[in-house]
Amino acid sequence: MTTLAKFSMFETRLNPAAFSCFRVLFENVRDLIAAGKKAEGYEIPVASFLERDNVDDLQAVADAIREILQCRVEIKKGEYLYFYTFFNSVSIENGIVRYTLPPEVEEVIPSAAITANA
């Protein structure tokens, strides 16, 4: 059965700061999976977001996460189209963003592509 994933909602709906944060989260998962370190949950320092364009402080990261929560990943399996949130859970604690993903989303990340947000 062919599985296709689309992250186009993130690319078109998120403002530049939120899309930049989304890319950090997405690439963190992709890099860990590629390194054979698939995890129950993922962590990344808030500082990793602050190094990106358009992200100035912790509040900007929190606002970006709120925007990301409004978007859906489209996954087509065979004849059916499913919509998933990117996160199962997400929190910011002691300067660390901790998050988990639905297994279906985690499964498609290695082969998915996202583009730069205009």
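The chain exposes about 6700 Å² of surface, and carbon and sulfur atoms supply 48% of that area. These values come from a predicted model, in which 38% of the 118 residues of the chain count as buried. The chain holds 5 helices and 6 strands, and its radius of gyration of 14 Å is close to the 13 Å that the globule rule gives for 118 residues, so the chain is as compact as a globular protein of that length.

**Overall form and charge**

- Read along the sequence, the elements follow the pattern β-α-α-β-α-α-β-β-β-β-α.
- The C-alpha trace spans about 45 × 30 × 20 Å when it is taken along the principal axes of the chain.
- Among the contacts between residues at least 6 apart in sequence, 64% join residues that are at least 24 apart.
- The side chains include 12 positive and 17 negative ones, and the centres of these two sets lie 5 Å apart.

**Strand β6 and its two partners**

- Strand β6, which covers residues 96-100, pairs with strand β2, residues 42-45, in the antiparallel sense over 4 bridges; within this pairing, Tyr42 has Tyr99 of β6 as its bridge partner.
- Strand β5, residues 89-93, also runs antiparallel to β6, and 5 bridges join the two strands.

**The turn between β5 and β6**

- β5 and β6 form a hairpin with 2 residues between them, and Asn94 belongs to the turn of this hairpin.
- Most residues other than glycine have a negative phi.
- Asn94, by contrast, has a phi near 50°, which is a positive value in a residue other than glycine.
- Asn94 is placed in the loop between β5 and β6, and with a relative accessibility of 80%, which is over the 50% cut-off, this residue counts as exposed.

- Asn88 lies in the loop between β4, residues 80-84, and β5, and its relative accessible area of 54% is over the 50% cut-off, so Asn88 is exposed.
- When its neighbours within four places in sequence are left aside, Asn88 is in contact with Thr100, Leu101, Pro102 and Pro103; of these residues, Thr100 falls within the range 96-100 of strand β6.
- Asn88 and Gly36 are 52 residues apart along the chain, and their C-alpha atoms are separated by 21 Å.

**A position in strand β3**

- Lys76 lies in strand β3, which covers residues 73-77, and is partly exposed, because its relative accessible area of 39% falls between the 20% and 50% cut-offs.
- Lys76 and Ala5 are 71 residues apart in sequence, yet the distance between their C-alpha atoms is 6.4 Å.

Methods:
Residues are numbered from 1 along each chain as its sequence is written. This is a predicted model: local features need pLDDT of at least 70, side-chain atom pairs count only at pLDDT 80 or more; totals for chains, interfaces and linings use all residues. Side-chain values use heavy atoms; hydrogens and water are left out. Two strands pair if DSSP finds at least two bridges between them. The radius of gyration is taken over C-alpha atoms; the globule rule is 2.2 Å times the number of residues to the power 0.38. Buried means under 20% relative accessible area, exposed over 50%, partly exposed in between (1.4 Å probe, protein chains only). Contact means heavy atoms within 4.5 Å. Accessible areas come from the Shrake-Rupley method with a 1.4 Å probe; for residues, only the protein chains shown count as cover. Lys and Arg count as positive and Asp and Glu as negative; His and the chain ends are not counted. The place of a charge is taken as NZ of Lys, CZ of Arg, CG of Asp or CD of Glu.
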